[in-house]
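Hi,

Here is the structure I promised to pass on.

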Amino acid sequence: MRSMSSIVGNRLIRVIRPAQADDLAAINDIYNHYVAETHITFDDEPMDMETRRDWFTHYAETGRHRLLVATAGDQLIGYASSSRFRPKPGYLTSVETSIYLAPEAVGKGAGSKLYAELFKCLEGEDLHRAYAGVALPNPASIALHERFGFKRVAHFTEQGRKFGRYWDVDWYERPFGEVI
């Protein structure tokens with residue numbers, strides 16, 4: 001896997017590598033920030049490490065289901081994944097993509113680098129479509145997905161509840177194997 005570089009604060013972003021078991025605590029810290037502070041995920045309780053370790057078993061360094069991390073210096077600043085979209089066999093050629101960044105890395109190019117590398121890794125896999133759900137409002141996530149060829153295909157009103165209110169969700173789709 002190649003390495004790309006840019007700067008977050010004074011730290012060099014070394015993007016990107018497959019996640020390792022040693023990364024799980026940092027991944028969990030980043031995710032749990034979004035659980036506690038935002039509507040971006042509809043989880044309402046922090047994920048514990050046992051659940052995170054089980055989640056990690058769904059990913060590999062090859063194949064459809066990948067988990068990549070970005071680091072700045074020796075700190076993990078974000079991760080991107082391609083996960084099983086739905087459990088039925090007919091959906092095997094579809095993946096759901098997700099990306100989470102440490103708050104200090106948001107808006108500094110790490111998300112674009114992670115997604116670029118994730119989609120490069122997925123080239124040549126037996127995949128037809130990628131999907132991403134975006135809880136609204138989230139203009140940065142919408143812009144990122146559109147930059148990578150995702151098109152909005154659905155708008156669900158009040159699909160999820162968190163923090164005592166309902167949130168709309170847009171679903172985005174990206175083809176594989178077609179010129180974008």
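First, the ground rules. This is a predicted model, so local features need pLDDT of at least 70 and side-chain atom pairs count only at pLDDT 80 or more, while totals for chains, interfaces and linings use all residues. Residues are numbered from 1 along each chain as its sequence is written, and side-chain values use heavy atoms, with hydrogens and water left out.

Helices and strands are DSSP runs numbered from the N terminus (H or I of at least four residues for helices, E of at least two for strands). Helix 1 (residues 24–37) packs against helix 2 (residues 49–56) at about 110°, and their axes are 10 Å apart. Axes here are lines fitted to C-alpha atoms, for helices over the stretch in contact, and angles run from 0 to 180 degrees between N-to-C directions. That makes the two helices roughly perpendicular (65 to 115 degrees; under 35 is roughly parallel, over 145 roughly antiparallel, the rest oblique). On the helix 1 side, the contact (heavy atoms within 4.5 Å) uses Leu24, Ala25, Ile27, Asn28 and Tyr31, and helix 2 brings Met49, Arg52, Arg53, Trp55 and Phe56.

On to the strands. In strand 3 (residues 67–72), six of six residues are buried (under 20% relative accessible area with a 1.4 Å probe, protein chains only; exposed is over 50%, partly exposed in between). Leu67, Val69 and Thr71 point one way, and Leu68, Ala70 and Ala72 point the other. Strand 3 pairs with strand 4 (residues 75–84) in the antiparallel sense over six bridges; pairing takes at least two DSSP bridges. Leucine 67 sits opposite serine 81. The two strands form a hairpin with two residues between them, and glycine 73 in the turn has a positive phi of about 65°.

Serine 83 is also in strand 4. Its relative accessibility is 18%, so serine 83 counts as buried. Its side chain makes a 2.6 Å polar contact with that of tyrosine 59 (N or O atoms within 3.5 Å; within protein, one able to donate a hydrogen and the other to accept it, and residues adjacent in sequence count only if both atoms are side-chain atoms).

Last one: histidine 33, in helix 1, counts as partly exposed because its relative accessibility is 28%. Leaving aside neighbours within four places in sequence, histidine 33 touches Thr38 and Pro103. Histidine 33 and proline 103 are 70 residues apart along the chain, with 8.5 Å between their C-alpha atoms.

Cheers
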